[in-house]
Amino acid sequence: ATLHRLWPEIEKVVKQEVAMAKLGVGESGTGWQLFAEDGEMRMYRREEEVDGMVVDPLKAVHVVKGITGRELCHYFFNPQYRYDWETTLEHMNVLETISEDTLIFHQTHKRIWPASQRDVVFWSHLRRLPNDQDRDGPDIWTVVNNSTEHPDHPANAGKCVRIFLTVCLLCQTRVDPPKAGAPVSRDDITCKITYCSVVNPGGWAPASVLRAVYKREYPKFLKRFTAYVKNQTKDKPIMY
Ligand SMILES: O=S(=O)(CCO)c1ccc(-c2ccc(C3CCCC3)c([C@H]3C[C@H]3c3ccccn3)c2)cc1
């Protein structure tokens, strides 16, 4: 994958997105407003518009027990599971396999009335990062999705309005030492999740409609996705 034309962009965007995801909502300046809470999950957004279109950056933080960051990123990255947890997905297609940890996707999402239907083309990269807080702790895992172009799917050539997105799922795992001599079980594992996303809806859609959609869909997505991974992994050996 180091030879692929996208490699320099992937390296740059992954470094930028991971650095942003590691910033707390307090540190990255003012402007983050809490808009949804559910147990350990906190969802923040900034109200931003580009050319009159809502592109509100979103940052969600969540803490889940019993699964590792590698497991979360595995189920988020791999196409074969996506229809199980991505409820707004209508169609998904892998356009290019750049390497085993880098894919290019085309996706159409279900139409959200009164907006017209959307589609997206993005590269998706799965990356293991050293744990900079605790050297002998589990690694950090991340998946970064970033819009790109592809000759087979020129933007706005068909019925869908092309959206543009950058998404980063960053997962930091903690293992609490079990009682002396006992093996580590899923009860000893906690994962801190940071999910950042900026979606440019591509064409005009009413700000009120988009904000209502994000307010409804993002909490639903993160709850459904983490519950899905817990269910998929509960009887499997722990993947660090
Ligand atoms: O994290 S990913 O890479 C996971 C791979 O699928 C991702 C996440 C979100 C989207 C997406 C794309 C379009 C829309 C809207 C914009 C105007 C009309 C459709 C939405 C709105 C529907 C909302 C939404 C928010 C969160 C999750 C799913 N749905 C979300 C795409 C990819």
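## Two loop residues with positive phi

N156 sits in the loop between β9 (140-147) and β10 (161-162); strands are DSSP runs of E with at least two residues, helices are runs of H or I with at least four, and both are numbered from the N terminus. N156 is not a glycine, yet its phi is positive, about 55°. Before going on, please note that this is a predicted model, in which local features need pLDDT of at least 70 and side-chain atom pairs count only at pLDDT 80 or more, while totals for chains, interfaces and linings use all residues. Residues are numbered from 1 along each chain as its sequence is written, and side-chain values use heavy atoms, with hydrogens and water left out.

D51 is another non-glycine residue with a positive phi, here about 50°. You will find D51 in the loop between β3 (49-50) and β4. D51 counts as exposed because its relative accessibility is 72% (exposed means over 50% relative accessible area, buried under 20%, and partly exposed in between, with a 1.4 Å probe and protein chains only).

## The ligand and its shell

Let us turn to the ligand. It is surrounded by 20 residues, and the closest are E86, Q107, N145, Y195 and Y218; a residue is near a molecule if one of its heavy atoms lies within 4 Å of it. Four elements, α3 (82-85), β7, β11 (164-175) and α4 (207-233), each give at least two residues to this shell. The largest share, six residues, comes from α4.

In the side chain of N145, an N or O atom is 2.8 Å from an oxygen atom of the ligand. For Q107, a polar side-chain atom lies 3.0 Å from a ligand oxygen atom, and for T88 the distance from such an atom to a ligand nitrogen atom is 3.3 Å. Of the 640 Å² of accessible area that the ligand has on its own, the protein covers 99% (areas come from the Shrake-Rupley method with a 1.4 Å probe).

## A buried aspartate

D56 belongs to the loop between β4 (53-54) and β5 (58-65). Is D56 buried or exposed? D56 counts as buried because its relative accessibility is 6%.

The D56 side chain makes a polar contact with the side chain of R211, at 2.7 Å (a polar contact is a pair of N or O atoms within 3.5 Å; within protein, one must be able to donate a hydrogen and the other to accept it, and residues adjacent in sequence count only if both atoms are side-chain atoms). Not counting residues up to four places away in sequence, D56 touches R45, R46, E47, E48, S197 and R211, where contact means heavy atoms within 4.5 Å.

## Helices and a cis bond

Helix α2 (residues 69-77) is mostly covered, with seven of its nine residues buried. The buried residues are G69, E71, L72, C73, Y75, F76 and F77.

R224 is part of helix α4. R224 counts as partly exposed because its relative accessible area is 39%. Leaving aside neighbours within four places in sequence, R224 is in contact with D84, W85 and T87. R224 and D84 are 140 residues apart along the chain, and their C-alpha atoms are separated by 9.5 Å.

Finally, have a look at P114, found in the loop between β7 (102-109) and β8 (118-129). The peptide bond from W113 to P114 is cis, with omega near -5°.
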